[in-house]
Amino acid sequence: MRRLIIQAALLVLAGTGHALAEEVAEPSPVMEPPPAARSEEPFSGLAPVLPDTLKWAGPPNIPALKVAWMLGSEKDAGPYVLRVKLADGGRIGAHTHPEDRVTSVLSGTLYVGFGTVFDETRVHAVPAGAVYLTPADQPHYVWAKDGDVEYQENGFGPTDTNFNPR
């Protein structure tokens with residue numbers, strides 16, 4: 001008797017399950033997009049700094065040199081990006097910075113040398129697309145020997161340039 005009740009219950013459950021299975025629609029082969037989500041506010045962070053918006057300036061004693069701060073400044077703590085243009089033949093004499101700097105050459109070939117005396121025979125050619133690191137307090141000098149050069153320097157400020165390296 002007990003076995004008969006269990007078999008009957010299983011038949012009822014099986015039949016119910018089968019009926020429920022027939023009522024469930026087959027999944028669509030194409031996924032439907034989720035309901036429209038609430039639109040987000042635009043990102044309120046910094047807008048990109050575009051090259052045509054830069055304000056170029058240069059020291060009067062190096063007319064071939066023009067610089068523009070893209071992010072940060074000499075006085076600000078934190079990361080900075082400095083864009084530099086050095087005209088054909090332009091030289092920046094031996095100098096140091098208090099922090100490591102990563103220099104990326106964007107166009108032209110920059111010639112860089114390390115030491116306290118500008119020595120044309122000891123420069124390294126750094127072509128467009130290349131990067132080099134100048135360690136903190138390392139005397140170095142640069143030259144646009146073969147034409148105009150544009151490069152970018154990145155580091156963490158505050159920063160400075162000392163033209164009297166020892």
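Predicted model: local features only at pLDDT ≥ 70, side-chain atom pairs only at ≥ 80, totals over all residues.
I'll start with the charged side chains. Side chains of opposite charge can pair when their charged atoms come close. In this model the count of salt bridges comes to four. I will go through some of them.

Take Arg83 to begin with. Its partner is Glu150, and the closest N and O atoms of that salt bridge are 3.4 Å apart. Arg83 and Glu150 are both buried.

Next, Arg101. What does Arg101 form with Glu99? A salt bridge, with the closest N and O atoms 2.9 Å apart. Arg101 also meets Glu153 through its side chain, again in a salt bridge, at 2.5 Å from N to O. Put together, Glu99, Arg101 and Glu153 are linked in a network of salt bridges.

Arg101 has 4%, so it is buried. Glu99 has 9%, so it is buried as well. Glu153 is at 8% relative accessibility and therefore counts as buried.

Let me stay with Glu153 for a moment. Its side chain and that of Arg101 are also joined by a polar contact of 2.5 Å. Which residues is Glu153 in contact with, leaving aside its neighbours within four places in sequence? They are Tyr80, Val81 and Leu82, and then Arg101, Val102 and Thr103.

Now to strand E8, which covers residues 140–143. His140 and Val142 point one way from the strand, while Tyr141 and Trp143 point the other way. All of these residues are buried. Strand E3, residues 91–95, pairs with E8 in the antiparallel sense over three bridges. In that pairing, Ile92 stands opposite Val142. E5 pairs with E8 too, in the antiparallel sense and over four bridges. There, Val112 has Val142 as its bridge partner in E8. So much for E8; Val142 is the residue to look for on screen, with Ile92 opposite and Val112 as a bridge partner.

The last stop is Gly108. Where does Gly108 lie? In the loop between strand E4, residues 101–107, and strand E5, residues 109–114. Gly108 has 30% relative accessibility, so it counts as partly exposed.

Leaving aside neighbours within four places in sequence, Gly108 is in contact with Val126, Pro127 and Ala128, and also with Asp148 and Val149. As for Val126, it is 18 residues from Gly108 in sequence, and the two are 8.7 Å apart in space, C-alpha to C-alpha.

To recap: Arg83 and Glu150 form a salt bridge, Glu99, Arg101 and Glu153 are linked in a network, E8 pairs with E3 and with E5, and Gly108 lies in the loop between E4 and E5. That is where I'll stop.

Key:
Residues numbered from 1 in each chain as written. Heavy atoms only, no water. Helix = DSSP H or I, 4+ residues; strand = E, 2+ residues; numbered from the N terminus. Buried < 20%, exposed > 50% of the residue type's maximum accessible area, 1.4 Å probe, protein only. Contact = heavy atoms within 4.5 Å. Polar contact = N/O pair within 3.5 Å; in protein donor to acceptor, adjacent residues only side chain to side chain. Pairing = 2+ DSSP bridges.
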